[in-house]
Amino acid sequence: MDILQPIKVTNSAGDIIEVCDYDTLLSYDADVYLIFGMRSFGKSYGLYKYCLQNWLIDGSQFAIMRMIDDDIRPGNLRKMFAGIATWFYEETYNEKKLDIYQSSIIAKSVDGKEIKRETVGFPLSLSGWMKYKGNNYDNVTTIIFEEFIEKKIKLSTDDTREGYINNLSTIIRHRSNVKVFCLANTVRKKSPIFDYYQIDMKRLVKGKPALFQEKNG
């Protein structure tokens, strides 16, 4: 496969930034994407934009997962989405603002005297997987697992795998229209997620996408 290069786009402030080329990645039509590398590659920005564009087009929602509950506090998530929030506001003709709560990510707008709140996405932690089991995520078509390679270990290997599998099961259930993106700002090649998917790290070349397929297809 060809070397994957970032694409250059202009953000809402008029600055030219590099963004991960998701169009090329999506052309591989994989179910799960594991994307990791140095910061400033536009991995999160490009993926958040992809999710928000899907919501604007057809109402498709997304879920964003982190390791522990503290990672998904509204204040922490607001920092993560700060870069794309301005784009979203301008993309909706200055009508909708992103607002983040404990259990949902909202597009908020004002219709006359009424404040309208529409659910765009859901934050989940791996450590809290049990409390999400009864929730409805039928409109979620994209799952983002941020920082799937830990610099500072927060969960054991078994707890990481258990939370990851159970959250995916809760969201996806029996559907086939959900894609999973695991992102990390590091080049370390060790993670319970690699082990779970039986990825042979020796086959990976920096900057070159590799497509793995399980024996059952």
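Two strands are taken to pair if DSSP finds at least two bridges between them. The model described here is predicted.

**The sheet and its edge**

Seven strands form an open sheet of mixed pairing, in the order β3-β9-β8-β4-β7-β6-β5. Its edge strands are β3 and β5 (97-100), each of which pairs on one side only. From one strand to the next, the twist averages 25 degrees.

Which residues of β3 lie on the covered face, and which on the uncovered one? The covered face holds Tyr33 and Ile35, whereas Val32, Leu34 and Phe36 belong to the uncovered face.

| Helix | Strands it lies across | Angle to one strand |
|---|---|---|
| α3 (residues 74-91) | β4, β5, β6 (105-111), β7 and β8 | about 170 degrees to β5 |
| α4 | β3, β4, β7, β8 and β9 | about 165 degrees to β8 |

Helix α4 (residues 157-172) comprises 16 residues and spans 22 Å from its first C-alpha to its last, close to the 22 Å expected at 1.5 Å a residue. Its buried residues are Thr160, Gly163, Tyr164, Asn167, Leu168, Thr170, Ile171 and Ile172. An α-helix has 3.6 residues a turn, so residues three or four places apart point the same way. In α4, the buried set includes Thr160, Gly163, Tyr164, Asn167, Leu168 and Ile171, and the elements that cover the buried residues include β3, β4 (61-66), β7 (114-125), β8 (140-146), β9 and α5 (192-196). Just after α4, Arg173 adopts a positive phi of about 50 degrees.

In soluble globular proteins, nonpolar side chains tend to be buried together. The largest nonpolar core in this model has 57 residues, of which Phe81, Ile143, Phe145 and Tyr164 touch the most other members. Helix α2 (residues 43-58) supplies the largest share of this core, six residues. Tyr164, one of the core residues with the most contacts to other members, is also among the buried residues of α4.

Which residues does Phe81 contact, leaving aside its neighbours within four places in sequence? Phe81 is in contact with Tyr48, Phe62, Ile64, Leu98, Ile100 and Ile105.

Note on methods. Residues are numbered from 1 along each chain as its sequence is written. This is a predicted model: local features need pLDDT of at least 70, side-chain atom pairs count only at pLDDT 80 or more; totals for chains, interfaces and linings use all residues. Side-chain values use heavy atoms; hydrogens and water are left out. Buried means under 20% relative accessible area, exposed over 50%, partly exposed in between (1.4 Å probe, protein chains only). Helices (H or I, at least four residues) and strands (E, at least two) are DSSP runs, numbered from the N terminus. The expected span of a helix is 1.5 Å times one less than its number of residues. Contact means heavy atoms within 4.5 Å. A nonpolar core is a set of buried Ala, Val, Leu, Ile, Met, Phe, Trp, Tyr and Cys residues joined through side-chain atoms within 4.5 Å. Axes are lines fitted to C-alpha atoms, for helices over the stretch in contact, and angles run from 0 to 180 degrees between N-to-C directions.
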